[in-house]
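Biologist: Hi! Could you walk me through this one before I start working with it?

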Amino acid sequence: MDYFLELFVGGLTRGSIYALIALGYTMVYGIIELINFAHGEIYMIGAFTALIIASVLAMSGMSGLSVLVLASVVAVTYSAAYGFTVEKVAYKPLRQAPRLSPLISAIGMSIFLQNYVLLAQTSDFLPFPNLLPELEFLKPYAGFIGSTEFIIILTTTLIMILLTMLIKFTRMGKAMRATAQDRDMAMLVGVNVNSVISNTFIIGSALAAVGGVLIASHIGRINFYIGFIAGIKAFTAAVLGGIGSIPGAVLGSLVLGFTESFSTGYISSDYEDAFAFILLILILIFKPSGLLGHSTSQKV
Amino acid sequence: MSYRYATKYAAELRRPFVVALWFMFLTFPIMVIRVNTIENVVEWRWMNMMYVGSGSFALSLFWRYLSGRKTPEGKRVSESREEAIPFTKRIFGDRRIVPTAIVILSVFALIFPFIFSIYQTNIMTTALMYVVLGLGLNIVVGQAGLLNLGYVAFYAAGAYTYALLHYHFGVGFWLALPLGALAATVLGILLALPVLRLRGDYLAIVTLGFGEITRLILENWNDFSFGPSGISGIPRPGLFGMEMNIQEATTYLYFLMIILCIITIFIVNRLQDSRIGRALIALREDEIACQAMGIDKTRVKLTAFALGSTWAGLVGVVFAAKTTFVNPGSFTFLESAMILSIVVLGGMGSITGIITGALILILLPEYLRAFSDYRMLLFGIIMVIMMIFRPQGIVSGARRTYEFHKEEK
């Protein structure tokens, strides 16, 4: 039973991280129908920035919670800035182009960002300091839940609630929903579509950076390649839940997290990454619209 | 007068200046700071910031210049278009130039291994392999418009077919060549069958997942593929049982690749104008209209996948024979991305373009050694820049157009 609970918490933790990244995919797809291939890289850059800032601060004598807060804030800011810039450089000029063009551009951007970090930093795995505090009251449950897991799940839940409120109740959220529904019509009624798209990229990237900081302190090491696999998995989660749907992305991420956790726990850990791909292929074949998505018919 | 020019230039320069500042800010943590966590030292590389600043300033100016040419100011666009078509026509359409160019090229190709070292010949062979791979992927991506990001899986299928058949049954190169192609074709059809219903971008992701699954299987299924350590001792191709030293074998492989290249170019060229080729292009342009014209969508897509993967399988066998060693490390996503950038740079659907693209992308990093670290970085940039400024590639595919001329009396 303890093993089951451990796997359950493991799945929930993975699922929460995937959800943070998957939201970026699903929001961007919902608005401009583009698979933002570079999104995984934004997450990786978030983790790297946090690592760099945290190390510099730690060496200059700061400690504890202030390092965590400062590093996270800088990481989130920078990731958002990268997301904003990537959109302006690689996607905005291609908004009217055929569908494959922005996709190829996105793949190019992803390769570029990976190699940019590889060349500017290092190809080795870097040890990531555990910035998250130890929680005393979790001691009795140490068998299956650690404080990092607890903090990850708690943070993700909070962020989900905030995001839902942002989209449901604010002016910006309303504009985003309008743009997702019909971009041209939104433009006609006076929504500034360009700034809505920019905001979407900024929010998505900021969420990815939070995911980056959390997962990096959980696993304890990062390199330039972590974004690729995480990106594909989060994308799988987004498709599983129905791409374009925000609750769908969260649900899909949790399903994927549990699938991975239980299948590696009970079947085999050799094919950890393959499970996600197999799941992805199966969904796309049998239910391309996903769990919560609605199917759209192709218009002539 | 001069004052007015000065303000005009100042306005032109203001934006690049802002862009440069923005990029200096953006790249600050990653370009400038490097932390050595073992010795607890922070390295500040301020010079990098200077490079980023000046580089992005220049690039931004260039970007503005390019976008200025692209913007719909009407006159400028039509001007450049009128120039562009006669230019490609002048080069490739002139009856006198083409044979001369072919003669020069073939003489050069013939004497190449005898005037350059083994090393150079080896690189050239690699480049030729990528030419064939590019042409194969072009059938799927360029002609049929199906973005295949797992092309490397078929390449791996060819290579592993030869390696495994040799290991278990002692099968030679010449028998393995068609078998490898067959294995890749079957794999292509197997992949295509379930994913045919998918739309463009989903298809791309599924093929990407397929490529990664193939690599993961090769890495983890030790009994089948010998895991990450791979299979070594694969023989080079033989020629009627002749004994060859390394130099001769390299030269032989080079000529083999030349022949394979010529065959590929011939077939792909014939394919373009065939019934299937036109069906592929129709499919790329508009699926619904294409179906309405009575084209069996499923069959055409299957054909495209099968044809594309056949070439990958063939080159895979040659790859195994050339390196005499295969392991899963050679078949990563980056390989697929590289072949894709060859197709994108060269121009989707254009044979001349893809040959040029492959030669540029493979040979340039080899000859400019200082460059080779930046190879993948460059591929990424090329994909983005090409999509934005020249989506048709350096040599745009010659679309068959019917022109209407008023009869002159």
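Modeller: Happy to. One term to begin with: a residue is buried if 20 or more other C-beta atoms lie within 10 Å of its own. Keep in mind too that this is a predicted model.

Biologist: Okay, let me try that cut-off on a residue. Is B:M338 buried or exposed?

Modeller: B:M338 is buried, because it has 22 other C-beta atoms within 10 Å and the cut-off is 20 or more.

Biologist: Which helix is B:M338 in?

Modeller: B:M338 sits in α15 of chain B, residues 333-346. B:I362 is 24 residues away from B:M338 in sequence, with 9.3 Å between their C-alpha atoms.

Biologist: And the rest of that helix, how many residues of α15(B) are buried?

Modeller: 12 of the 14, so α15(B) is largely enclosed by the rest of the structure. The buried ones include B:E335, B:S336 and B:G346.

Biologist: What about the geometry of α15(B), how far does it reach?

Modeller: From first C-alpha to last, α15(B) reaches 20 Å, close to the 20 Å expected at 1.5 Å a residue. Just after the helix, B:G347 has a positive phi of about 115°.

Biologist: Switching to chain A. What can you tell me about α2(A)?

Modeller: α2(A) has 21 residues and spans 30 Å from its first C-alpha to its last, close to the expected 30 Å. Of those 21 residues, 17 are buried, so α2(A) is largely enclosed by the rest of the structure.

Biologist: What about the largest nonpolar core, which residues touch the most other members?

Modeller: That core has 203 residues, and those touching the most other members include A:A22, A:A47, A:L51, B:L133 and B:Y155. Helix α8 of chain A, residues 193-219, gives the most to this core, with 14 residues. The core also draws at least three residues from each of domain 1 and domain 2 of chain B.

Biologist: You mentioned two domains in chain B. Where are they, and how far apart do their centres lie?

Modeller: Domain 1 covers 2-71 and domain 2 covers 118-389. Their C-alpha centres lie 38 Å apart. Chain B as a whole comes to 17 helices and four strands, and buried residues make up 39% of its 409 residues.

Biologist: Last topic: where in chain B does pLDDT stay under 50?

Modeller: Over residues 72-84, for which the model has three contacts beyond four places in sequence. Where pLDDT is low, the predicted coordinates should not be read in detail. For chain B overall, the mean pLDDT is 81, and 87% of residues reach 70 or more.

Biologist: And the scores for the model, ipTM and pTM?

Modeller: ipTM is 0.84 and pTM is 0.85.

Definitions and conventions: Residues are numbered from 1 along each chain as its sequence is written. Chains are lettered from A and ligands numbered from 1 in the order in which they are written. This is a predicted model: local features need pLDDT of at least 70, side-chain atom pairs count only at pLDDT 80 or more; totals for chains, interfaces and linings use all residues. Domain bounds come from an automatic or database domain assignment. Helices (H or I, at least four residues) and strands (E, at least two) are DSSP runs, numbered from the N terminus. pLDDT is the predictor's confidence in each residue, from 0 to 100. Two residues are in contact if their C-beta atoms, placed from the backbone, lie within 7 Å. The expected span of a helix is 1.5 Å times one less than its number of residues. A nonpolar core is a set of buried Ala, Val, Leu, Ile, Met, Phe, Trp, Tyr and Cys residues joined through C-beta atoms within 7 Å.
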